[in-house]
Amino acid sequence: MKGALDICLVFLMLHTPGVLSLSTHVAVIYPQDPVLRMGSTLTASCWVHPDLGVHASSLFWTLNGQPLPGSMYRVLSPTNLSVTLAGLNASRQTSGDNLVCHNHKGHILAGSCLYVGMPPEKPVNMTCWSRNTKDLTCSWAPGGKGETNISTQYTLKYKLRWYGKEKECEDYTHTQPYSCSITRDLHLFTPYEIWVEASNQLGRAASDVITLDILDVVTTDPPSGVSVSRVGQLEDQLSVRWEAPPALKDFLFQAKYQIRYRLEDSQDWKVMDDVGNQTSCRLAGLRPGTVYFVQVRCNPVGIYGSRKAGIWSEWSHPTAASTPHSERLMSGSCDSKSSGDSNSTLRRELKQFFGWVRKHAYGCSSMSMKLYDQWRVLMQKSHKTRNQVLQGDKS
């Protein structure tokens, strides 16, 4: 019985020594391997060879290994038993459901596969992109509620808008079931018309046609050579540097970058959108003595004069770095009152100055950053000297 569940039975034959020859069919189910819409009704019949000496009333049916009730049977003749299945549900697997005819001892006489599903609906959500202008990849989603429950073929078709013949994409990916890449005979500066056709034994449907120029949907490899380092002894800053994607180094385009970073023990990323076309940036307002993970991605804006923004690349591999430990936090031998007053004043001054810097030069601008760095180092050294004097007086 397990074999009947695992393998769709197209035609089963038995050989009874001394009664039937090897080429004689013992039993046949009609119809064989029908394709039906969900909710439909099927009447199938099992015909047994008269020489078998088996009366139809002794036979029984199973569907996917489960016996069907006798109330669904009808004896059409001494050698023919039918079964009627009403309101068919979708097939459990694309290889079909197994309808099997058995003799009174449970032996399999014949079998048929039932393919129960729906015709495809119009594919939707088609999106296309080109990695470094070397290919054109499109993905889509099945229409309606999703799969049709029977084998359905999706074909990505395309043609040049004003000339050229219709072609079919050949490189379908296995990681994404609804995706295909065009890798040959690509044309730049020429619009493409692209659509997807879905078909199965119950019908066919086509998506809307989208029109695009490859240069308008370019994405790049992630930026390379990403490095993160400390900014001297400034405990709340890190410097990030990277290189433009190497595959586009000779292309005419205006790159735009984004940075995101997170704490080592957190999954929440903070994104910086104002990086612009620079290949370095300063992260400020960080926690002292903390490990951060940093990633960078690129968007090729206006490649070869395109008027549309490109598509963001994937993020680079995370790069980690830690900020220096704060000397103020590590010093615990100062007088609590004077230390508290001093720290309160320092925090207030830092907040005022840092607020001004963030307003006028935050992110990747270099305006006043050198002056700010010098001021911060001077304040840290001054505070360290003050702590040493207080410790000396206390001793």
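**Figure 1. The open four-stranded sheet of the predicted model, in the order 23-22-25-26.** Four strands make up this open sheet, and their pairing is antiparallel; strands here are DSSP runs of E with at least two residues, numbered from the N terminus, and two strands pair if DSSP finds at least two bridges between them. Strand 23 (270-276) and strand 26 (319-322) stand at the edges with a single partner strand each, so one side of each is left without a neighbour in the sheet. Neighbouring strands of this sheet are turned by 30° against each other on average, direction ignored, where the axes are lines fitted to C-alpha atoms and angles between N-to-C directions run from 0 to 180 degrees. Strand 22 (residues 254-263) runs antiparallel to strand 23 and is joined to it by four bridges. Within the view, Arg260 stands opposite Val271 in strand 23. This is a predicted model, in which local features need pLDDT of at least 70 and side-chain atom pairs count only at pLDDT 80 or more, while totals for chains, interfaces and linings use all residues. Residues are numbered from 1 along each chain as its sequence is written, and side-chain values use heavy atoms, with hydrogens and water left out.

**Figure 2. The disulfide between Cys46 and Cys101.** A disulfide is taken to be a pair of cysteine sulfur atoms within 2.5 Å, and by this rule the count comes to three disulfides. In the pair shown here, the sulfur atoms of Cys46 and Cys101 are 2.2 Å apart. The torsion about their S-S bond is about -85°, so the disulfide is left-handed. Because Cys46 lies in strand 3 (residues 42-48) and Cys101 in strand 8 (residues 97-102), the pair ties together parts that are 55 residues apart in sequence. Cys46, at 0% relative accessibility, counts as buried, and Cys101, at 0% relative accessibility, counts as buried as well; buried means under 20% relative accessible area, exposed means over 50%, and partly exposed lies in between, with a 1.4 Å probe and protein chains only.

**Figure 3. Strand 7 (residues 80-85) and its partners, strand 3 and strand 6.** Five of the six residues of strand 7 are buried, so this strand is largely enclosed by the rest of the structure. Strand 3, which carries Cys46, pairs with strand 7 in the antiparallel sense over six bridges, and Thr43 stands opposite Thr84 in strand 7. Strand 6 (residues 73-77) and strand 7 pair in the antiparallel sense over four bridges, with Tyr73 standing opposite Val83 in strand 7.

**Figure 4. The disulfide between Cys128 and Cys138.** The two sulfur atoms of this pair are 2.0 Å apart, and the torsion about the S-S bond is about 110°, so the disulfide is right-handed. Cys128 belongs to strand 10 (residues 124-131) and Cys138 to strand 11 (residues 136-141), and the two cysteines are ten residues apart. Cys128 is buried, as is Cys138.

**Figure 5. The disulfide between Cys169 and Cys180.** The S to S distance in this pair is 1.9 Å, and the torsion about the S-S bond of Cys169 and Cys180 is about -95°, so this disulfide is left-handed. Cys169 lies in the loop between strand 13 (167-168) and strand 14 (171-172), whereas Cys180 lies in strand 15 (residues 179-182), so the pair ties together parts that are eleven residues apart in sequence. Both cysteines, Cys169 and Cys180, are buried.

**Figure 6. Backbone details at Pro31, Asn149 and Asp185.** The peptide bond that joins Tyr30 and Pro31 is cis, with omega about 0°, and Pro31 is found in the loop between strand 1 (27-30) and strand 2 (35-37). For Asn149, phi is near 75°, a positive value in a residue other than glycine. Asn149 is placed in the loop between strand 11 and strand 12 (153-160) and is partly exposed, with a relative accessible area of 32%. Asp185 also has a positive phi, near 55°, in a residue other than glycine; Asp185 sits in the loop between strand 15 and strand 16 (192-200) and, at 59% relative accessibility, counts as exposed.
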